[in-house]
Amino acid sequence: MANSTALLGLALHFVIAFGAAAVFFLASRVVPLLLNHAVVSGVLYGVAVYFFMNRVVVRLSAATKFPFSVKMMLIGVIIHIFCVGIPISLSIRRYAR
């Protein structure tokens with residue numbers, strides 16, 4: 001049971017990451033400024049993805065609810081900036097032109 005739950009979580013993690021990249025790609029087709037300023041737009045997109053995940057996706061899931069912590073929020077935002085937003089924007093700028 002635990003292995004199948006872990007595999008489902010891993011698969012959903014990649015589906016969500018692919019979805020985030022697809023949304024940025026589609027937005028960059030409409031707003032070329034996103035690719036012209038990829039680092040700034042990546043930072044802002046990372047913040048947006050963090051808040052979407054925490055305010056929509058996590059609340060709709062059965063995940064354990066923890067009390068709000070500014071420290072944990074800042075850590076999460078920084079992780080999403082450097083590990084989600086900027087890599088997506090730079091990858092799309094490089095490969096999708």
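Which helices are among what covers the buried residues of H3? Helix H1 (2-30), helix H2 (33-36) and helix H4 (70-95) are included in that cover.

## Model and overall make-up

This is a predicted model, in which local features need pLDDT of at least 70, side-chain atom pairs count only at pLDDT 80 or more, and totals for chains, interfaces and linings use all residues. Residues are numbered from 1 along each chain as its sequence is written, and side-chain values use heavy atoms, with hydrogens and water left out.

The protein chain has four helices and zero strands. From the N terminus, the order is α-α-α-α. Helices (H or I, at least four residues) and strands (E, at least two) are DSSP runs, numbered from the N terminus. The C-alpha trace spans about 45 × 30 × 20 Å along its principal axes.

Of the 97 residues in the protein chain, 25% are buried. Buried means under 20% relative accessible area, exposed means over 50%, and partly exposed lies in between (1.4 Å probe, protein chains only). The chain exposes about 7100 Å², and carbon and sulfur atoms supply 77% of that area. Accessible areas come from the Shrake-Rupley method with a 1.4 Å probe; for residues, only the protein chains shown count as cover.

Contact means heavy atoms within 4.5 Å. Take the contacts between residues at least 6 apart in sequence: 73% of them join residues at least 24 apart.

## Helix H3

H3 covers residues 38-60, 23 residues in total. Its first and last C-alpha atoms are 31 Å apart, close to the 33 Å expected at 1.5 Å a residue. The expected span is 1.5 Å times one less than the number of residues. H3 bends by about 35 degrees at Met53. The bend at a residue is the angle between axes fitted to the seven residues ending there and the seven starting there.

Met53 is also one of the buried residues of H3. Ser41 is a polar example to look at. Its relative accessible area is 9%, so Ser41 counts as buried. Not counting residues up to four places away in sequence, Ser41 touches Phe24, Leu34 and Ser89.

## Helices H1 and H4

H1 has 29 residues, which should span 42 Å at 1.5 Å a residue; its end C-alpha atoms are 42 Å apart, in agreement. The buried residues of H1 are Ala20, Phe24 and Ser28. They pack against H2, H3 and H4.

H4 bends by about 40 degrees at Ile81. Its buried residues include Met73, Val77, His80, Ile81, Gly85 and Ser89. The buried residues of H4 pack against H1, H2 and H3.

Gly76 counts as buried, at 11% relative accessibility. The C-alpha atoms of Gly76 and Val47 are separated by 9.0 Å, though the two are 29 residues apart along the chain. Ile79 is partly exposed, with a relative accessible area of 44%. Ile79 and Leu7 are 72 residues apart in sequence and 23 Å apart in space, C-alpha to C-alpha.

## Nonpolar cores

A nonpolar core is a set of buried Ala, Val, Leu, Ile, Met, Phe, Trp, Tyr and Cys residues joined through side-chain atoms within 4.5 Å. The largest has 10 residues: Ala20, Phe24, Leu34, Leu35, Tyr45, Val49, Met53, Ile88, Ile92 and Ala96. H1, H2, H3 and H4 each supply at least two residues of this core. The largest share, three residues, comes from H3. A second, separate core has five residues, including Tyr50, Met73, Val77 and Ile81.

Tyr45 belongs to the largest core. Leaving aside neighbours within four places in sequence, Tyr45 is in contact with Ala20, Val23, Phe24, Gly85 and Ile88.

## Aromatic pairs

How many aromatic pairs does a search of the whole structure find? It finds two. Tyr50 and Phe51 form an edge-to-face pair, 5.1 Å centre to centre, with 85 degrees between the planes. Rings of Phe, Tyr and Trp (its six-membered ring) pair if their centres lie within 6.5 Å; planes under 30 degrees apart count as stacked, over 60 as edge-to-face and the rest as tilted.

Tyr50 counts as buried, at 10% relative accessibility. Phe51 is partly exposed, with a relative accessible area of 31%.
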